[in-house]
Amino acid sequence: PGGIRPSEYDAFHALILSEEIRVATVGCYGVTDGIIAGIGIGLPPIVKFGSPEMVERVVPQVLRGDKTICLAISEPYAGSDVQKIRTTAVQDTRTGNWTVSGVKKWITNGVYADYFT
């Protein structure tokens, strides 16, 4: 956007783009947060920490808009303070399945997300 080469695009440019979308286009933070917040905070952990197979499968689906994603960190006693989160995920060594235990207070886009980070 704005003639910026991908190699020059950084967090500052993302901030400007986000503000332009939020205020200039829609005029309301809530609407655009609901539209872009999930991808903005849910996809980066997949890109950074996901296995190559996960990245190859999930990222294109989310970027094309075929699937939605969110970041599931908020808890009643921690809010968004990740150091206070009590939710755990334990993998069954026999089946490879994960059991997640904990309580979530709210998750932006969680109502309709296909993927939760």
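Here is a short walk through this structure, from its overall layout to its core and its pockets. Keep in mind as you look that this is a predicted model.

Let us start with the overall layout. The protein has three helices and four strands. If you follow the chain from the N terminus, the elements come in the order α-α-α-β-β-β-β. Of the 117 residues in the protein, 19% are buried.

Now turn to the inside. Seven residues form the largest nonpolar core: Leu43, Ile46, Val58, Val59, Val62, Ile69 and Tyr115. Two helices, α2 (29-49) and α3 (52-64), each give at least two residues to this core. Helix α3 provides the largest share, with three residues.

Setting aside neighbours within four places in sequence, Ile46 touches Met54, Val55, Val58, Val59, Ile69 and Thr117. Among these partners, Val58, Val59 and Ile69 belong to the largest nonpolar core, as does Ile46 itself.

Helix α3 also holds Gln61. Is Gln61 buried or exposed? Its relative accessible area is 18%, under the 20% limit, so Gln61 counts as buried. Beyond its neighbours within four places in sequence, Gln61 is in contact with Asp66, Lys67 and Tyr115. Tyr115 is a member of the largest nonpolar core.

The largest pocket has a volume of about 430 Å³. Its lining counts 14 residues, and those nearest the pocket centre are Pro45, Ile46, Met54, Phe116 and Thr117. Helices α2 and α3 and strand β4 (115-116) are the elements that contribute two or more residues to this lining. By type, the lining has 10 nonpolar, two polar and two charged residues. Thr87, Thr88, Ala89, Trp98, Val100, Gly102, Val103 and Lys104 line it. Here the elements giving two or more residues to the lining are the strands β2 (88-91) and β3 (98-101). This lining divides into four nonpolar, three polar and one charged residue.

Key. Residues are numbered from 1 along each chain as its sequence is written. This is a predicted model: local features need pLDDT of at least 70, side-chain atom pairs count only at pLDDT 80 or more; totals for chains, interfaces and linings use all residues. Side-chain values use heavy atoms; hydrogens and water are left out. A nonpolar core is a set of buried Ala, Val, Leu, Ile, Met, Phe, Trp, Tyr and Cys residues joined through side-chain atoms within 4.5 Å. Buried means under 20% relative accessible area, exposed over 50%, partly exposed in between (1.4 Å probe, protein chains only). Contact means heavy atoms within 4.5 Å. On a 1 Å grid over the protein atoms alone, a cavity is a set of points where a 1.4 Å probe fits but cannot get out, and a pocket is an open set with protein on both sides within 12 Å along at least five of seven lines; lining residues have an atom within 4 Å of a point. Grid points are joined across faces, edges and corners, and a volume is the space filled by probe spheres set on the points. Ala, Val, Leu, Ile, Met, Phe, Trp, Tyr, Cys and Pro count as nonpolar, Asp, Glu, Lys and Arg as charged, and the others, Gly among them, as polar.
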